[in-house]
Amino acid sequence: MSVLITGGAGYIGSHTIVELLNIGTDVVVIDNLSNSSLESLSRVKSITAQQVTFYEGDILDKALLRKIFSENNIEAAIHFAGLKAVGESVEQPLKYYTNNVTGTIVLCEVMAEFGIKNLVFSSSATVYGDPASLPILESFPASATNPYGQSKLVVEYILADLHHSDPSWNIACLRYFNPVGAHDSGLIGEDPNDIPNNLMPFISQVAIGKREKLMVFGDDYATPDGTGVRDYIHVVDLAVGHLKALDKLKTNCGLVTYNLGTGQGYSVLEMVKAFEKASNKKIKYDIVARRPGDIGACYADPKKAKIELNWAATHNLDDMVNSSWKWQSQNPKGYSD
């Protein structure tokens with residue numbers, strides 16, 4: 001039996017594949033390579049000495065999905081494939097709704113055709129919008145502040161309706177916070193195809209000399225130093241969370257939702273300082289205006305995942321920045337090296 005990974009050549013997908021292969025799970029990958037590299041799967045093979053079955057294509061392609069399910073004995077899917085840049089989603093909302101929402105509907109339709117009803121969905125803490133209090137519990141009201149977050153929230157609503165209509169579906173929605181870091185080997189990590197939208201790869205590219213300086217969006221938030229505070233979680237911890245979610249699906253859990261975070265918030269400037277220590281490089285930055293759709297602070301209460309999944313983050317801030325720097329310094333041009 002195999003697990004289908006949509007968007008498996010991407011940052012979180014590739015790290016999750018390593019963890020799955022390490023426990024003897026067969027993996028099938030579909031990825032359109034729009035913001036990922038096939039080299040990542042080659043590196044996965046170097047790490048694990050195992051290979052995945054790969055299909056290049058889009059989850060909007062129903063014929064291709066049918067081909068994948070007919071050619072492989074798939075028992076569950078982990079759904080990573082999605083666009084994820086907050087700023088771009090504000091500028092191009094239809095692109096995000098088409099890819100993230102319609103793509104998920106097509107995937108679920110084909111899964112249902114083949115009687116495969118076990119799904120782990122890559123959701124996001126952005127579904128909490130600007131929370132009234134912190135830390136954030138899964139029971140908090142959901143209301144996103146940008147089209148990216150809205151697309152994740154709409155998919156959650158769709159999956160809830162799907163389960164309500166057919167309780168034989170087992171679905172885990174994982175609301176993760178801010179993935180950072182890289183595999184200990186330094187062979188795989190975050191490699192955006194364009195200008196990074198996330199903080200850590202941008203800091204890394206400034207440190208390596210690929211970019212001149214970091215733009216810090218706002219220093220007037222109600223936080224200790226005025227810059228945005230986020231819950232950063234090591235990508236390997238996040239990957240392990242997906243394996244725990246797959247185990248949960250085997251218990252016929254129905255529809256479940258979990259925060260995957262550390263419960264600790266760090267500001268942008270704290271992350272800059274930590275990375276300067278790890279890399280022994282000075283990170284130049286400019287304070288600029290707030291970015292549309294951003295909020296001041298966001299960090300998780302991860303207790304539910306600890307209790308129900310037996311999962312908790314084990315990597316600290318030093319692990320996050322040290323592994324990020326190892327990846328970036330060994331691969332100055334990312335996978336194109």
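Predicted model: local features only at pLDDT ≥ 70, side-chain atom pairs only at ≥ 80, totals over all residues.
What is the geometry of the rings of Phe-275 and Trp-325? Their centres lie 5.8 Å apart and their planes meet at 85°; with planes over 60 degrees apart counting as edge-to-face, the pair is therefore edge-to-face. The pair also links distant parts of the chain, since Phe-275 belongs to helix 9 (residues 268–279) and Trp-325 to helix 11 (residues 317–330), 50 residues apart. Searching the whole structure turns up 3 aromatic pairs.

| Arginine | Ring | Distance from the ring centre |
|---|---|---|
| Arg-211 (charged end) | Phe-202 | 5.9 Å |
| Arg-290 | Tyr-221 | 4.0 Å |

The charged end of Arg-211 sits over its ring, and Arg-290 lies over the face of Tyr-221.

Now to the nonpolar interior. In soluble globular proteins, nonpolar side chains tend to be buried together. In this model, the largest nonpolar core holds 40 residues, and Ile-5 and Ile-17 are the ones that touch the most other members. Which helix gives the most to this core? That is helix 8 (residues 235–249), with 7 residues.

Ile-17 is worth a look on screen: leaving aside residues up to four places away in sequence, Ile-17 touches Ile-5, Gly-8, Val-27, Val-29, Leu-41, Val-44 and Val-52. Another core, of 26 residues, lies apart from the largest one, and its members include Val-28, Ile-59, Val-106 and Trp-169.

Note on methods:
Residues numbered from 1 in each chain as written. Heavy atoms only, no water. Core = buried A, V, L, I, M, F, W, Y, C linked by side-chain atoms within 4.5 Å. Buried < 20%, exposed > 50% of the residue type's maximum accessible area, 1.4 Å probe, protein only. Helix = DSSP H or I, 4+ residues; strand = E, 2+ residues; numbered from the N terminus. Contact = heavy atoms within 4.5 Å. Phe/Tyr/Trp six-rings, centres within 6.5 Å; stacked < 30°, edge-to-face > 60°. Lys NZ or Arg CZ within 6 Å of the ring centre and 35° of its normal.
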